[in-house]
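Q: Could we go through this structure together? I would like to begin with the terms and then turn to the details.

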Amino acid sequence: MELKIATPTKYADSKIFKAESGFNYFQRGDDFYLDGEATEGQLLAAFAAHNPTAPEQATVADKLQTVGLSVSDLKAALGL
């Protein structure tokens, strides 16, 4: 069953949702959908229970570290 849902008000991750519930979560245009061999109630309950941790944004220091630099190195190179 493919079920169109209201725009989610929380972070949702389609890969984690699929692994946890066995159902699909996707966006088509501006609309959001749940899909799977289940009733509407089962799909909505699975989505309501879905609560993954939002991905952390890498800091500037983290990004610099991936290329072997530090914030201090960058400041020195810029003359700051």
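A: A residue is called buried under 20% relative accessible area, exposed over 50%, and partly exposed in between. Please note that this is a predicted model.

Q: Understood. On the other side of α2, which residues are exposed?

A: A48 and A49 are exposed there.

Q: And which residues of helix α2 are buried?

A: Helix α2 spans residues 40-49, and its buried residues are L43, A46 and F47. They lie on the same side of α2, because they cover an arc of only 95 degrees around the axis.

Q: What covers the buried residues of α2?

A: The cover includes the strands β1 (2-5), β2 (24-28) and β3 (31-35), together with helix α1 (14-21).

Q: Which residues does L44 touch?

A: Leaving aside residues up to four places away in sequence, L44 touches L3, I5 and L34.

Q: How far apart are the C-alpha atoms of L44 and L69?

A: They are separated by 46 Å, and the two residues are 25 residues apart along the chain.

Q: Changing topic: how many salt bridges does a search of the whole structure find?

A: The search finds two. In one of them, the side chains of R28 and E2 meet at 3.2 Å, N to O. R28 is in strand β2 and E2 is in strand β1, so this pair ties together parts that are 26 residues apart in sequence.

Q: What is the relative accessibility of R28, and what is the relative accessible area of E2?

A: R28 has 42% relative accessibility and counts as partly exposed. E2 is partly exposed as well, at 43%.

Q: With which residue does K4 form a salt bridge?

A: K4 pairs with D31, and their closest N and O atoms are 3.5 Å apart. Since K4 lies in strand β1 and D31 in strand β3, the pair ties together parts that are 27 residues apart in sequence. D31 is partly exposed, with a relative accessible area of 27%.

Q: Where does L80 lie, and is L80 buried or exposed?

A: L80 is located in the segment after α4 (71-78). Its relative accessible area is 75%, so L80 is exposed.

Note on methods
Residues are numbered from 1 along each chain as its sequence is written. This is a predicted model: local features need pLDDT of at least 70, side-chain atom pairs count only at pLDDT 80 or more; totals for chains, interfaces and linings use all residues. Side-chain values use heavy atoms; hydrogens and water are left out. Helices (H or I, at least four residues) and strands (E, at least two) are DSSP runs, numbered from the N terminus. Buried means under 20% relative accessible area, exposed over 50%, partly exposed in between (1.4 Å probe, protein chains only). The arc is that of the directions from the helix axis to the C-beta atoms. Contact means heavy atoms within 4.5 Å. A salt bridge is a side-chain nitrogen of Lys or Arg within 4 Å of a carboxyl oxygen of Asp or Glu.
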